[in-house]
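Trainee: Please show me how to read a few local features of a protein model.

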Amino acid sequence: METMAIDIHKNDQSKQSAFNYDDFNFGTQPTDHLFLSEYDNGNWTSPRIVPTQHFSLSPFALCLHYGQTVFEGMKAFRQDNGQVHIFRPEKHHQRFNLSLERMCMPPIEKELFINALEELVRLEQHWIPQDKEVSLYIRPFVFATEPRLGVKVADNYTFCITCTPMGLYYPKPVKVKVETEYVRAAEGGVGYVKCGGNYGAAFYPTQQAKEQGFDQIIWTDAKTHQFLEEAGTMNMMVMLKDTLITPLLSTSILDGVTRNSIIQIAKDKGIKVEERAIGYQELEDAFNAGNRVELFGVGTAAVISPVYSIQIQDKDYSPYIGDDAMMFQLKTALENIRKGRAKDTHSWNHFI
């Protein structure tokens with residue numbers, strides 16, 4: 001495939017100089033530019049980078065009515081030597097297209113996806129400070145734009161990539177509960193892809209849990225409500241008896257890029273890894289036996305988020321969050337690769 005040239009229209013003035021890196025909320029400040037391309041007559045057209053702007057949509061746009069919206073989330077980092085890279089964009093591209101396929105939306109060619117990321121991050125790299133724990137969060141997304149009220153697969157779409165600075169998504173350990181009434185996703189559904197409906201459907205039970213004092217919930221399987229699946233924004237992992245355990249991927253669990261990275265790092269360290277079903281009863285038994293249990297979420301936004309309290313069947317348990325916890329060693333190992341402090345043996349860092 002011949003690579004399409006990306007037209008670049010630069011913003012005259014950057015908002016970065018006025019941005020307060022010491023006090024900001026994630027996801028509220030877009031950077032200066034975004035990438036756009038439209039799908040029409042079977043092709044992605046007019047790839048371009050323009051100053052950040054609002055969209056104009058018909059009230060009949062199919063995305064507003066029938067849920068054809070898909071997104072990805074990834075990050076760009078500045079290493080200690082000043083170089084900037086995007087972390088594992090090829091893996092994100094694979095998952096993006098998997099999501100698009102499941103939602104009957106047109107795929108994005110790899111060349112277009114990678115070139116768009118490179119050009120956009122090259123323009124916005126000044127938003128990544130050298131001396132702070134701040135990365136550049138990158139949000140590619142596609143939504144249906146065909147103006148028609150009718151339950152159908154759309155013929156027209158917009159592909160956009162936007163960016164925003166990001167610090168720690170969960171700045172402190174979290175309190176969670178195991179959800180055994182509501183369902184996030186069922187086998188055969190869309191739980192394994194990043195479509196907007198997954199998140200909207202999870203709001204109600206998550207909001208109830210927050211009103212009860214929890215930060216997040218851990219979903220269980222739809223059939224038995226006994227086996228852990230994932231949290232709202234994270235895959236889940238357990239460190240038990242020197243073994244790293246995480247639920248086996250299925251059509252109801254997202255194939256997290258951070259999950260995949262942590263598994264590989266653990267294997268590189270010689271840690272035993274098990275991808276298998278893990279029931280909340282197994283966790284209860286371990287807590288009641290006095291075993292050391294580490295429980296943590298992993299994700300692009302969260303990176304590694306330790307759980308300090310988990311409620312199972314109305315009883316609270318306290319996972320281990322000491323400084324010597326293995327989850328912190330795994331997090332440091334991942335950060336060292338991203339920051340250029342350790343060798344990138346798996347070629348995860350895509351330099352621009």
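Predicted model: local features only at pLDDT ≥ 70, side-chain atom pairs only at ≥ 80, totals over all residues.

Trainee: How are helix 5 and helix 7 oriented to each other?

Mentor: Axes are lines fitted to C-alpha atoms, for helices over the stretch in contact, and angles run from 0 to 180 degrees between N-to-C directions. Angles of 65 to 115 degrees count as roughly perpendicular. Here the axes of helix 5 (residues 257-268) and helix 7 (residues 326-338) come within 10 Å and cross at roughly 105°, so the two helices are roughly perpendicular.

Trainee: Which residues make the contact?

Mentor: Contact means heavy atoms within 4.5 Å. Helix 5 contributes Thr258, Ser261, Ile262, Ile265 and Ala266, and helix 7 contributes Leu330, Ala333, Leu334, Ile337 and Arg338.

Trainee: Is Asn349 buried or exposed?

Mentor: Buried means under 20% relative accessible area, exposed over 50%, partly exposed in between (1.4 Å probe, protein chains only). Asn349 counts as buried because its relative accessibility is 10%.

Trainee: What is the phi of Asp314, and what is that of Ser347?

Mentor: Most residues other than glycine have a negative phi. Asp314 has a positive phi of about 70°, and Ser347 has a positive phi of about 55°. Asp314 counts as exposed at 70% relative accessibility, and Ser347 counts as exposed at 58%.

Technical notes. Residues numbered from 1 in each chain as written. Heavy atoms only, no water. Helix = DSSP H or I, 4+ residues; strand = E, 2+ residues; numbered from the N terminus. Parallel < 35°, antiparallel > 145°, perpendicular 65-115°, else oblique.
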